[in-house]
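Here are my notes for your first look. Please keep the structure open as you read.

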Amino acid sequence: MASHTRPPPNMHKLIKNDRRMLSASDDNAMTKQILATHAPDGRMVDFKPILFTIEDVIRRATPAIGNVLDGNGQHEDMLEDHIGSAEMDGALESLTYVIQKVGAELACKCSGGDAHASTMAILNLLSNYSWDAKVVITMAAFAVNYGQYWLLAQLYTTNMLAKALALLKQLPDVMENSTSLKPQFEALNKLIKAMLDVTKCIVEFTELPSQYISQDTPAMSVAIAHFPTATYWTIKSAVACTSLIESLVSLTHERIMSTTEVWELSSLAHKETNIYEHLRTQLDLCLQHIDGKKHLEAYQNLVRISETHHLDNMKFIRALISARDDIQPLYDGTLKTTVHLEILKRKHVLLLISDLDISHEEVMVLDNLFKESQQRQEIRYEIVWIPIIDQSIEQQGKNKHTFKEVQMMMPWFSVHEPSIIERSVIRFIKEKWNFTKKTILVALDPQGKVSSTNALHMLWIWGNQAFPFTSEREEALWKTESWRLELLIDGIDLSILDWAAEGRYICLFGGEDMEWIKEFTMKTKQVAEEAKVDLQMAYVGKNNAKERVRKITIMIGENKLSHYWPDSTLIWFFWARLESMMYSKLNHGRTVENDQIMQEIMTLLSFDGSDKGWAIFFGRGGEMTRAKGETALGCILAYEEWKTEVEEKGFLTALAEYLQQLRTPHHCNRLILPGLAGNIPENVVCAECGRAMEKYLMYRCCVE
């Protein structure tokens, strides 16, 4: 049968005509020609159901394209799962006739040999439609022709009607030559994929929310300027694809299809891909612009809510965590289940805000305080962990695992998924509550008003006594305090407080110089024995030196040098409380010049910043003296020079006076303050001499 068939229309003529047209015209002239056909009448059509149906037809007709479109080769079996028949009927009601007309143009004009003329004819036919409508209607018309062709190809071996139609269209010849036609099919598939990409991209532009972006926005205006040529090349590609399909239908054994046709389709695919990539770049810029506008709007709304008085805390908490009613955004760490935000209504809420590097020590200490509060009716609050984490794709797997590990340590509430925390909320937390990396604990009262932007300082210093964690409560607690052993050790080690109650002298010492520690402890105990004073010594470690301190505590224990804390959490808590005291005082405007407690805090912190050790002695009446390591050891070694003063003035007074004699104007004190945005003082004076200290920046990564 094939040997008596009339040869098909030759695509060579079509290609030559196009080349002459392109070589004779420049882009501007062609754009003007395209624009001359454009006279939209403002009609509005929902193209989403039509576009989905077009994709569905092409996907089912050619599985290879389906794999590309789906990404994994899987596709829903039912079109109705995405669009209802009523929705589809509504979308097609006014377009059926024009789709048929464009389909007829594609079917008949492609045989004429002039793809440009066919494209312009279709543009004229669609002159009253918008650019997105033009490409969708053309793709719909193409999908009808394309789908019919492949429907017969798929059914002709099993359905007698399909077989008869396939014989009339000579489809068996195409199937028999499918191997030799593989380059044509591959080129066709690539071009159809590129056409769909451009069409969907243009439609996406038309769906951008006008309240967040206007046509004057640079990326939007650049894209709109490219719509005419993008539409032209998409329609022209549909003409070329239809022409190839018609050529395949009319294929004879005598004719070997030219590789020029593959080149032509590949060239069009390259052109369409370039157009798509350019439009996609502009679309991404538009989406970024819209995203920025939405986040700014959400941020400003959050600021307004935070500054407004409410009857309860729900509006603010919903704005911070999740406004959705269809999810349970909280995870209950005790019951191990998800719960609604309503469980926090009209309660005191502490928002624990950190990254995923929150320390085990912080969680453990907070755990003890939280469980203690649950046993006291007058002090009841809830804690919600809000993790601030990197949402980048490459970090998501690692972050999810770490998040679950940390979440399992916490008996309180946490957000069920970190991704529900919006970018606007993270900005609010960073800008309004000064969160950078160091953990903070924001206190909200039952009406959602912020009681403290970091109640962690109060909680570390006074525990649950600081409830309800207001600035007024903090100020009141400070008024009852003085620099004493109880302030330093409260909540850490009852045995040391028992020593004080028993009237013993107490020496707290720290640092990481092992040789100094050995000599200082042994010599000090000898002096105490000779002076006949009951002196107890306790090692309190060094800040941010966990592994080194662990080795020292082992050495102290093995040599029975002094009392020490085998639990590293207690050492961490000692220094965390000191830092909290400093920040609390700073928040209330206190300095070393006007506050004696602040002066002592800064002195201890500067001692810790030195390379050597340090010591602080407390007497039976609450009196105190302290010195850096070399000075303290020098004083102890020179006991013979001041021992006569002990009987007359007492051990601590004699010790303090001799320490004062040893002090010289020459000293070098370092104060290392952890970064906590908004709280680092501009000027810090030396606790020893009162001069302003120089400020340096230090970046620290200490993995032990």
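The points below cover the model, one aspartate, a sheet and some salt bridges.

1. This is a predicted model: local features need pLDDT of at least 70, side-chain atom pairs count only at pLDDT 80 or more, and totals for chains, interfaces and linings use all residues. Residues are numbered from 1 along each chain as its sequence is written, and side-chain values use heavy atoms, without hydrogens and water.

2. Start with D493. The residue is buried and has no salt bridge. (Buried means under 20% relative accessible area, exposed over 50%, partly exposed in between, with a 1.4 Å probe and protein chains only. A salt bridge puts a side-chain nitrogen of Lys or Arg within 4 Å of a carboxyl oxygen of Asp or Glu.) The nearest side chain of opposite charge, R504, is 11 Å away. (Lys and Arg count as positive, Asp and Glu as negative; His and the chain ends are not counted.)

3. Now the sheet. It is open, has 7 strands and mixed pairing, in the order β2-β1-β5-β4-β3-β6-β7. β2 (337-339) and β7 (450-452) are at the edges with a single partner strand each, so one side of each lacks a neighbour in the sheet. (Strands are DSSP runs of E, at least two residues, numbered from the N terminus; two strands pair if DSSP finds at least two bridges between them.)

4. Which residue forms a salt bridge with D326? R324 does, with the closest N and O atoms 2.9 Å apart. D326 is exposed at 56% relative accessible area, and R324 is partly exposed at 49%.

5. The structure holds 38 salt bridges. E475, K585, R590 and D595 are linked in a network of them.

Conventions:
Helix = DSSP H or I, 4+ residues; strand = E, 2+ residues; numbered from the N terminus.
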